[in-house]
Amino acid sequence: MAQFEARNGLAGLRVLLGVSGGIAAYKACELVRRLRDAGAEVRVVLTENAARFVTPLTFQALSGQPVRSGLWDEAAEAAMGHLELAHWAQRIVIAPASADLVARLAHGFADDLLSTLCLASDAPLAIAPAMNLRMWAHAATQANVATLRGRGAVFLGPGEGRMAEPESGLGRLLEPHEIIAELGALHGPKALTGKRVLVSAGPTYEDIDPVRFIGNRSSGRMGFAVAQAAMEQGARVELVAGPVHLPTPAGVARVDVRSARDMREAVLARAPHSDIYVGAAAVGDFRPHEVAAHKLKKTGGALTLSLNENPDILAAVAALKPRPYVVGFAAETQNIEGYARAKLERKKLDLIAANKVGEGEGFDACQNEILLISRDGAERLARADKLALARQLVARIAEKYANRESEIGSGKASVRKRLPARASGRTRARAK
Ligand code: CTP
């Protein structure tokens, strides 16, 4: 626990947790517990509507502090005035934030205690929204979110998935552990400062003729999330992206490619200068033997395509001398651990993140779970939104990379013997 507290950036912080009305308010109870476990001091402020879902007494018991709701409570004001409370807070976290609260904050309202505190405090504001998917998608809400972001507020989620109503979509409150992970990433020390991280993401397209191609269902979300998470940890991140419709994470340098061979060229041009390579792309294994110059016409019979195997980018990076720390992904439909371990060995990787694909899992889903396998063992990263999962993954990569560097630095002969390419990687890193 002590190590976690030191790393997560929440230890010792005075956090004001604002809870607004909505069925997701019950999750704020678990959040209070987790914030306290992470070492934060927590005071809870409920909106009037939140108190209809969960009683102030519950939060008082969990936080160990008096809970406030109204602006006009004389006894509470005498104990700690609302301006004092605004000054006390080093962070304000609102979870869940209703559409109404988001609107009132965007417009600077101060007609209840929580909105008044947000206006009166200089503390960084993190907002975890929870609302119906159409309310979240509505132009009015999106404009309010953009206004708040423009003022520096950070939005945690919303997540995608089942809500209270029999509907599913974007608008769900992140799970308390996801909120904690996101807050930790925002406020914790940065594990990859000064490191260069290269990420490949998305599918590749192999042209058949000018209008057709062979592709796959990768959305690129996981790789983009890894790029963002590495950036948040202070790395200089280059992202080689196949054809995807995703915005580039702020601060990340992106190169767009189409085919596996384009991707290989872009990756191999950058890998020798990178400290870490994460191959999250779903690289197409085959390409048509030749690309037809004109659109293929129906002939009334079967079309036979002759396919060539594409080069393996990950294995090529792992074979570089010197080489970066190499992390692969394994998308499997069965025997996940067995196949992933075989890929780790065959491609000579340092680490492999295995996940299940197919039937709403993996590729175009927003959530994922990962089995992380290295030669030292395996670890399961629990199911979470891809960004929350990417943050956990990047934290593990940073740890393992740092361990490897210090092993090499301490000059363990056995390490040198086992990892000749990595040892020279260290030499290169020093020379840079
Ligand atoms: N990969 C790669 N180049 C390829 C194929 C895959 O760099 N031509 C990388 C992927 O980016 C991923 C890892 O290898 O990090 C595993 O990809 P996956 O498609 O699961 O495995 P394959 O090697 O293609 O093996 P198979 O299709 O037989 O499962």
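**Close-up views of a predicted model**

**View A. Asn 335 is partly exposed, with a relative accessible area of 46%.** The structure shown here and in the other views is a predicted model. Asn 335 sits in the loop that joins strand 16 (325–332) to helix 15 (336–346). Its phi is positive, about 40°, although Asn 335 is not a glycine.

**View B. Lys 348 also has a positive phi without being a glycine.** The phi of Lys 348 is near 60°. This residue belongs to the loop between helix 15 and strand 17 (351–356). With a relative accessible area of 54%, Lys 348 is exposed.

View C. Pro 158 is in the loop between strand 5 (154–155) and strand 6 (159–162).

**View D. Helix 2 (residues 27–37) packs against helix 11 (residues 176–187).** Their axes are 9 Å apart and meet at an angle of about 45°. That angle makes helix 2 oblique to helix 11. The crossing of the two helices is right-handed.

**View E. Phe 286, Leu 303, Leu 305 and Leu 307 form a nonpolar surface patch.** The patch covers about 370 Å². Leu 303 lies in the loop between strand 14 (286–288) and strand 15 (307–309). Leu 303 is exposed, at 59% relative accessible area.

Notes
Residues are numbered from 1 along each chain as its sequence is written. This is a predicted model: local features need pLDDT of at least 70, side-chain atom pairs count only at pLDDT 80 or more; totals for chains, interfaces and linings use all residues. Side-chain values use heavy atoms; hydrogens and water are left out. Patches are made of residues with over 30% relative accessible area and no salt bridge: like charges are joined within 9 Å, nonpolar side chains (Val, Leu, Ile, Met, Phe, Trp, Tyr) within 5 Å. Accessible areas come from the Shrake-Rupley method with a 1.4 Å probe; for residues, only the protein chains shown count as cover. A salt bridge is a side-chain nitrogen of Lys or Arg within 4 Å of a carboxyl oxygen of Asp or Glu. Helices (H or I, at least four residues) and strands (E, at least two) are DSSP runs, numbered from the N terminus. Buried means under 20% relative accessible area, exposed over 50%, partly exposed in between (1.4 Å probe, protein chains only). Axes are lines fitted to C-alpha atoms, for helices over the stretch in contact, and angles run from 0 to 180 degrees between N-to-C directions. Angles under 35 degrees count as roughly parallel, over 145 as roughly antiparallel, 65 to 115 as roughly perpendicular and the rest as oblique. A crossing is left-handed if the near helix is turned anticlockwise from the far one by less than a right angle, and right-handed if clockwise.
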